[in-house]
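Hello,

Here is the structure I said I would pass on. My notes follow below it.

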Amino acid sequence: MSESAGLLEDLLAGKHRALARVITKIENHDPGYRELVSGLYEHTGHAEVIGITGSPGAGKSTLVDKLAEHYREQGETVGVVAIDPSSPYTGGAVLGDRIRMASNVGDMDVFFRSMSARGNLGGLSTATADAVKAMDAFGKDKVIIETVGAGQNEIDIVGAADTVCVLVPPGAGDNVQMLKAGILEIADVFVVNKADMDGADRTVQELTEMVHLGQGSTTVDAGHHGFDEVEMDLDMPTDTDPWKPPIVETIAIDGEGVVDLVETFAEHRQFLEDSGELTRRRRQRVAEEIRTLLRDDAAGLVAAELEDHGGVGAFLDDVMAGDTDPYTIADDVMGPIRDCVEEQ
Amino acid sequence: MSTDQSQRSIRCLVAKVGLDGHDRGAHVIARAFRDAGFEVIYSGLHKAPDEIVQAAVQEDVNVLGISILSGAHNTLVPKIVAGLKEYDAFDDTLILVGGVIPDDDKAELKELGVSEVFGPGTPMEETVEYVRENAPER
């Protein structure tokens, strides 16, 4: 039995160590990790995946802790993938979100895994989605993704989550912030955390107005999730009302509002299933996965071809001397690959 | 970059176990490890041995650095070692102890499976270098 096959077997048998190791292999892109993920695939699709995003200090980790506690009390198992930033200089990282998981210490049925952004947000979304698959195949009922909290444009999470929850801290900004594109558009549910702080009411008010204006609503017929629209052969129901993102107030540190939030997630889940939106999102996700893998493979071919030409450094002097330009070089390097593909 | 290209990183858990409330040293070592390019998971204060085991297993760390200043290392470290064994995580985890450890106890900890004990005043580079050379492959 190959190492991957053994690991996969152990993971499916419920061994925590195997799940941990599989995620490591996914993160490292170790040889054989693709075989592993493709082996996981047929065992996925059961977990409900919830994405939690929002600015640094919004209280994501604390909320995730309380959510995990709540689900555990209901007898459900939970996986958490928490992403923290890494240093652009050394690649090092301090992954500190585990500290907030105080309600769930010693409970192995909450599998908490920290991931570093490793300076590569594009690649990270693939690794995160694959880690979620590992937890799903392991048998987790709920998988929560907690994002790095980088800011307004952190929208990759929609690629992996069924329900996207955006935390908005009180006093997050004026109406113009609400008009901007980005993170507010991807929300299925808004949470105004730290609802006991000054400015919370106003933030709720502004979000409510925004949702009523149709900004940021994820409607069934508007496929604005950052992906290309996939050709649909589904019969899309037309009698379902579009989803208007509810606004839930929480004080995560005291666990206040968590029950409301869990109910809202369940409602959204129901909506996803009833409207056909869940199938639509999953199809989009698979389409995006196929594209990403093909892009990565193509990039690998290009990198190898470039290496054959002596690496990018070999061209620099010519360009700097004015003998050629990057466009001509790209044409020259890609030429043989293009010819091969066209011949097929 | 191709997806087949490996992107390994040394993962360390910096753990405070037991009752002592002094974590300046743990913070300093976490920062030094970060600056060395490692991925550091910091446990927070006052953790029980099984919490440390849970974190080490789930995070699949190559290195477990335990910081103890309370003098309770003879009680706490064996519990952590036993927990790691239970989850088949002992053999490929480098276990380090930092803190105030009497010489007699050092030998005992090493016999137990601790690779190295770093006392007060150990230069940071020494610890980082030791981890680089001895961290097990993942």
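Is Val286(A) buried, partly exposed or exposed? Please keep in mind that this is a predicted model. Val286(A) has a relative accessibility of 37%, so it counts as partly exposed; buried would require under 20%, and exposed over 50%. The residue sits in helix α9 of chain A, which covers residues 277-308. Together with Tyr41(A), Ile290(A) and Leu294(A), Val286(A) makes a nonpolar surface patch of about 370 Å².

Next, the interface. Chain A and chain B bury about 3,200 Å² between them, and carbon and sulfur atoms give 46% of that area. Of the area that chain A buries against chain B, 22% is supplied by Arg17(A), Arg98(A) and Met108(A), more than by any other three residues. In contact are 34 residues of chain A and 34 residues of chain B. Between the two chains there are seven salt bridges, and 19 residue pairs are in polar contact, both residues being at pLDDT 80 or more. On the side of chain A that touches chain B, α2(A) gives the most, with seven residues.

Arg17(A) lies in that helix, α2 (residues 16-28). Its relative accessibility is 10%, so Arg17(A) counts as buried. The side chain of Arg17(A) forms a salt bridge with that of Asp92(B), at 2.9 Å from N to O. There is also a polar contact of 3.5 Å between the side chains of Arg17(A) and Asp60(B). Other residues that Arg17(A) touches include Tyr87(B), Thr93(B) and Arg138(B).

Regards

Conventions
Residues are numbered from 1 along each chain as its sequence is written. Chains are lettered from A and ligands numbered from 1 in the order in which they are written. This is a predicted model: local features need pLDDT of at least 70, side-chain atom pairs count only at pLDDT 80 or more; totals for chains, interfaces and linings use all residues. Side-chain values use heavy atoms; hydrogens and water are left out. Patches are made of residues with over 30% relative accessible area and no salt bridge: like charges are joined within 9 Å, nonpolar side chains (Val, Leu, Ile, Met, Phe, Trp, Tyr) within 5 Å. Accessible areas come from the Shrake-Rupley method with a 1.4 Å probe; for residues, only the protein chains shown count as cover. A salt bridge is a side-chain nitrogen of Lys or Arg within 4 Å of a carboxyl oxygen of Asp or Glu. Helices (H or I, at least four residues) and strands (E, at least two) are DSSP runs, numbered from the N terminus. Buried means under 20% relative accessible area, exposed over 50%, partly exposed in between (1.4 Å probe, protein chains only). A polar contact is a pair of N or O atoms within 3.5 Å; within protein, one must be able to donate a hydrogen and the other to accept it, and residues adjacent in sequence count only if both atoms are side-chain atoms. Contact means heavy atoms within 4.5 Å. Buried area is the accessible area (1.4 Å probe) that two parts lose on being put together, summed over both. Lists of a residue's contacts leave out its neighbours within four places in sequence.
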